[in-house]
Amino acid sequence: MARIVVIGAGMGAMTAAARLAVAGHRVVVHERAATYGGALGRVERDGFGFDTGPALLRLPAVYRDLFVKTGKQPLEDCVELCQVEPAVRHVFADGTTTDLPNASRAGVGEALDAALGAGAAARWAAFMNRAREAWDRTRRPLLEEPLWPNWQVLAEREPYPSVARKRLLRRERRAATLAEIAEFELGGEPRLTALLEHFALASGLDPRTAPAGAAVLPYMEQTFGTWSVRGGMRALATAVYERCLARKVEFAFESAVVRIVEKDGRAAGVELADGTAVDADFVVAGVAPDALARMLTGTPVHAPQGVPPQSGLPSRVTVLLALRGARPDGTPHRTVLHTTDRADELDSVFGGSGAHGGAKSSGARPGVPTTPTLTVLRPDDPTATPDAEHEAVTLTATVPAGADVTEADVRRIVARAGAVIPGLDDRLLWHEVRTPADVAASTGADGGAVPPPALAADGGRRLHPANSTAVTGLYAVGGWSHPGGGLPHAGMSGTLVAGLIVEGPEFRGSQ
Ligand SMILES: Cc1cc2nc3c(=O)[nH]c(=O)nc-3n(C[C@H](O)[C@H](O)[C@H](O)COP(=O)(O)OP(=O)(O)OC[C@H]3O[C@@H](n4cnc5c(N)ncnc54)[C@H](O)[C@@H]3O)c2cc1C
């Protein structure tokens with residue numbers, strides 16, 4: 001039995017903790033906050049309840065597997081999962097509206113043809129077939145296996161099979177980015193472009209520079225579906241926490257780790273903020289790269305030939321709306337209200353340098369975009385409201401890390417949401433705002449940056465550092481390490497770290 005210290009009680013860290021405890025190890029989680037879950041926060045006020053982090057789950061198989069491998073009660077006995085139907089309503093800049101069904105490619109095609117005109121479905125379906133190839137090529141190395149030691153292969157090889165585009169008197173070109181897929185393969189149709197690009201933006205990626213392999217993001221959602229959790233995503237964090245407790249994982253809250261102690265070239269424990277030293281045979285760090293680097297002054301965390309951590313990633317602003325009046329029947333759970341000024345939005349969030357092909361910068365300065373693409377969540381969940389005569393709504397937009405969100409920004413966001421929530425002004429009881437500073441407070445990531453899932457190609461800039469580090473006995477888990485951010489990916493990082501500790505460096509991934 002090894003003594004294992006886990007730093008942080010985020011989803012990746014708790015997944016690793018539960019699996020390590022089941023393997024017979026003594027696991028203690030040190031979390032600097034007073035509660036578990038990290039990004040999966042919950043605001044409860046006046047009978048209303050809101051998620052402040054992710055609110056929808058993709059690839060629930062990752063958490064189903066965790067519950068199967070760590071106990072008798074399956075995931076569905078611990079939380080109530082519901083397939084969201086329709087998966088999403090899109091409201092495009094020109095007012096066109098379409099509801100896309102959950103996990104039905106045929107249904108998505110019918111909806112697209114009906115809303116955007118004949119031909120849209122065929123283009124989208126051909127794209128999704130190519131996206132499936134990218135998924136088949138990257139599913140194992142970028143989700144299910146530890147980062148390959150020869151990760152350069154992933155850095156160089158674009159898994160998305162772009163269609164060659166012959167241009168008169170010019171060299172043949174293939175789409176290298178999501179924006180180019182939209183231009184070359186979706187005919188530049190503005191609504192198909194917005195549909196494709198919002199998958200990148202929602203994950204914190206600039207579609208102008210995100211490699212074509214980001215096509216796996218729409219593929220994953222439209223093939224495997226989207227789930228909500230009754231009681232909000234916080235209920236999933238609670239279920240994982242309780243599974244950890246059932247497996248005898250110990251938790252120490254308000255117990256920040258300030259230093260990782262090394263002895264004879266390997267991790268030998270941690271030092272807590274109150275000066276206490278805790279010995280360990282292995283240390284698992286589920287924190288952002290800057291926080292991890294601060295715990296290891298002088299020692300590089302990653303081997304010189306390793307993948308460096310990503311930087312410059314955006315955050316989110318979330319506005320929680322408590323409304324009087326019932327949620328109207330037939331209201332979709334999720335509506336995406338697209339920006340009316342793509343250039344301003346992308347320049348505001350990512351800077352003008354992302355512009356491709358000589359596109360002019362909009363001149364926007366970093367900050368909250370003028371008309372951000374808004375995700376509007378209106379869950380049909382009685383636990384989110386005091387009674388049936390009220391409604392809880394959450395608005396989320398991608399904004400630069402560290403962005404200063406002003407009252408004028410919030411007023412603009414709420415006013416925009418009025419386009420898809422009739423009578424919003426009259427119904428609004430109160431609102432609360434969660435800024436990038438609040439995200440930083442709940443996760444410890446500088447500026448409240450949120451890590452996206454790992455992607456191939458682009459010279460390896462979209463990969464995340466390996467779970468094994470340059471320090472023997474120290475492992476990195478969670479969204480900032482392989483295979484990256486997002487609930488399923490962070491859950492997989494926990495699986496991989498547990499495998500590497502239990503089976504050793506020869507571990508090649510879960511079967
Ligand atoms: C606003 C928001 C929206 C998101 N939307 C989505 C979405 O739609 N879909 C999706 O899949 N994912 C989304 N994500 C990302 C997703 O929530 C995370 O990738 C996932 O929860 C994994 O988190 P993690 O394991 O990296 O830990 P984190 O949630 O980052 O938690 C890290 C933990 O470490 C603790 N910690 C930090 N420093 C120390 C220290 N020195 N000592 C002890 N403890 C420490 C922190 O207090 C925190 O509890 C979103 C995230 C945010 C913030």
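Me: How far apart do the C-alpha centres of domain 1 and domain 2 lie?
Reply: The two centres are 30 Å apart. Keep in mind that this is a predicted model.

Me: What makes up domain 1 and domain 2 of the protein chain?
Reply: Domain 1 is assigned four stretches of the chain, 3-40, 61-81, 233-310 and 451-503. Domain 2 is the stretch 120-222.

Me: How many residues of domain 1 and domain 2 are in contact?
Reply: Contact here asks for heavy atoms within 4.5 Å. By that test, 23 residues of domain 1 are in contact with 25 residues of domain 2.

Me: What about A39 and L487, where a backbone atom is involved?
Reply: A polar backbone atom of A39 is 2.8 Å from an oxygen atom of the ligand, and a backbone N or O atom of L487 also lies 2.8 Å from a ligand oxygen. As for cover, the ligand has 1000 Å² of accessible area on its own, and the protein covers 89% of that.

Me: Which helix gives the largest share of the shell around the ligand?
Reply: That is α16, with 3 residues. The helices α1 (11-22), α16 (436-443) and α17 (487-503) each supply at least two residues of the shell. By class, the shell has 13 nonpolar, 15 polar and 3 charged residues.

Me: How do you know that β3 and β4 pair?
Reply: Pairing needs at least two bridges. Strand β3 (residues 42-45) and strand β4 (residues 48-51) have 4 bridges in the antiparallel sense, so they qualify as a pair. One of the bridges joins R45 to F48 in β4. This hairpin has 2 residues between its strands, and D46 takes a positive phi near 55°.

Me: Why do β5 and β6 stand at the edges of their sheet?
Reply: The order of this open sheet of 3 strands is β5-β11-β6, with antiparallel pairing. β5 (57-58) and β6 (81-83) each have a single partner strand, so one side of each lacks a neighbour in the sheet.

Me: What makes β5 and β11 a pair?
Reply: They are joined by 2 bridges, and at least two are needed, so the pair passes. In β11, T226 stands opposite R58.

How values were computed. Residues are numbered from 1 along each chain as its sequence is written. This is a predicted model: local features need pLDDT of at least 70, side-chain atom pairs count only at pLDDT 80 or more; totals for chains, interfaces and linings use all residues. Side-chain values use heavy atoms; hydrogens and water are left out. A polar contact is a pair of N or O atoms within 3.5 Å; within protein, one must be able to donate a hydrogen and the other to accept it, and residues adjacent in sequence count only if both atoms are side-chain atoms. Accessible areas come from the Shrake-Rupley method with a 1.4 Å probe; for residues, only the protein chains shown count as cover. Ala, Val, Leu, Ile, Met, Phe, Trp, Tyr, Cys and Pro count as nonpolar, Asp, Glu, Lys and Arg as charged, and the others, Gly among them, as polar. Domain bounds come from an automatic or database domain assignment.
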